[in-house]
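Colleague: I am new to this structure and should be grateful for a guided reading. May I put some questions to you once it is displayed?

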Amino acid sequence: MKAAVIESVGRAVVTEVPDPTPGPREVVVEVAACGLCGTDLHILQGEFAPKLPIVPGHEFAGEVVGVGAQVTEVSVGDRVAVDPSLYCYECRYCRNGHNNLCERWAAIGVTTAGGAAQYAVAPVANCVKLPEHVRTQDAALIEPLSCAVRGYDVLQSRLGAHVLIYGSGTMGLMMLELAKRTGAASVDVVDLNPARLETARRGLGVSASAATPDELDRPQGWDLVIDATGNAAAIQDGLDRVAKAGTFLQFGVADYATRVQIDPYRIYNQEITITGSMAVLHSYERAAELFANGVLDPDVFISDRIELARYPEALEQFAAGVGRKIVVVP
């Protein structure tokens, strides 16, 4: 079968690899669409994946075309979205309910072959059936949405909050949609990319948007500030925009070497909370239900559908910040 392979740092190719074979409790999925994510760029840069080469792609959905001998939950022909998370269920963090912090954390498309291919293998426990009205080629959005749902689980946000989001890429826009649905009084978005800001303005009904928070009228700060960029400058600026008794959420994935400064006295004196949200935790099925109920418009979020044969080109476009969610289709 054809698959995208990140062979070495900075090099991605499309090549032939062996067809996958399912284990007893695994299924083979014929991939309908696989989303590109910042994690894929980190892998390309030599981060996250424990070893190369690797078939990337942790956001994917498709049709079951093969099942292991002990699989009864799904059948050939079922359409599924796949949670890429792989946990040991034995370490301290798995046993206390923080599986996403598993000491042996792994993921399809990061530590094992993923969905940037014609076919992918997944544990049946990670497969969520899609209802008839959900298009399979749109369901790659469920995985990033499940990360956003996890972010709001961490926040335990209250009604009437004023929210500021850094970044209007896919994840920032998903956080915008969830903020609106969790009772925010206002949701403002900042981004240096005018095309992406335009989507927030026209497509999703943001309260206000600008290139910098200095252009917005909230001198007292925001109750909740979310970084969805992973960019050091944005994070540093965002920490200074949190209102008294407010919260800063590090949601964007930063490089390992990224560093910012904090003001300990201000954190103490103004009771500011700084927290983070890591990937998916008990949120994939809820994200699938939200998606099925129309929480996102796929035609707004997905800007490009690119053939798998052009995967390296798709990565370059994504890295350049052109478009919104890019999905590859075998």
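Modeller: A polar contact is a pair of N or O atoms within 3.5 Å. Please keep in mind that this is a predicted model.

Colleague: Which backbone nitrogen does the side chain of Ser-277 reach?

Modeller: Ser-277 lies in the loop between strand 15 and helix 8 (284-292). Its side chain comes to 3.4 Å from a backbone nitrogen, and the limit for a polar contact is 3.5 Å. The nitrogen in question belongs to Gly-151.

Colleague: Is Ser-277 buried or exposed?

Modeller: Leaving aside residues up to four places away in sequence, Ser-277 touches Cys-147, Arg-150, Gly-151, Val-154, Leu-249, Gln-250 and Phe-251. Buried means under 20% relative accessible area. Because the relative accessibility of Ser-277 is 11%, this residue counts as buried.

Colleague: In what order do the six strands of the open sheet run?

Modeller: The pairing in this open sheet is parallel. Strand 12 (208-210) and strand 15 (273-276) are the edge strands, each pairing on one side only. From one strand to the next, the twist averages 15°. The order of the six strands is 12-11-10-13-14-15.

Colleague: Which residue of strand 11 is the bridge partner of Leu-164?

Modeller: Strand 10 (residues 162-166) and strand 11 (residues 186-190) pair in the parallel sense over five bridges. Within this pairing, His-162 has Ser-186 as its bridge partner. For Leu-164, the partner in strand 11 is Asp-188.

Colleague: How many of the five residues of strand 10 are buried?

Modeller: A residue is buried when its relative accessible area is under 20%. Strand 10 is mostly covered, and its count of buried residues is four.

Colleague: Which residues have the most contacts inside the largest nonpolar core?

Modeller: This core has 49 residues. Its largest share, seven residues, comes from helix 3 (residues 142-155).

Colleague: Why may helix 4 be called largely enclosed by the rest of the structure?

Modeller: Helix 4 comprises the 12 residues 170-181. Among its buried residues are Leu-173, Met-174, Met-175 and Leu-176. Helix 4 is largely enclosed because the number of its 12 residues that are buried is nine.

Colleague: How far apart are the end C-alpha atoms of helix 4?

Modeller: At 1.5 Å a residue, the 12 residues of helix 4 should span 16 Å.

Colleague: Which residue just after helix 4 takes a positive phi?

Modeller: The phi concerned is about 85°. The residue that takes this value, just after helix 4, is Gly-183.

Colleague: How far apart in space are Lys-51 and Ala-107?

Modeller: Lys-51 is in the loop between helix 1 (38-44) and strand 4 (59-67), and Lys-51 is exposed, with a relative accessible area of 62%. In sequence, Lys-51 and Ala-107 are 56 residues apart. In space, C-alpha to C-alpha, their separation is 13 Å.

Technical notes
Residues numbered from 1 in each chain as written. Predicted model: local features only at pLDDT ≥ 70, side-chain atom pairs only at ≥ 80, totals over all residues. Heavy atoms only, no water. Helix = DSSP H or I, 4+ residues; strand = E, 2+ residues; numbered from the N terminus. Expected span 1.5 Å × (residues − 1). Buried < 20%, exposed > 50% of the residue type's maximum accessible area, 1.4 Å probe, protein only. Pairing = 2+ DSSP bridges. Axes fitted to C-alpha atoms, helices over the stretch in contact; angles between N-to-C directions. Core = buried A, V, L, I, M, F, W, Y, C linked by side-chain atoms within 4.5 Å. Polar contact = N/O pair within 3.5 Å; in protein donor to acceptor, adjacent residues only side chain to side chain. Contact = heavy atoms within 4.5 Å.
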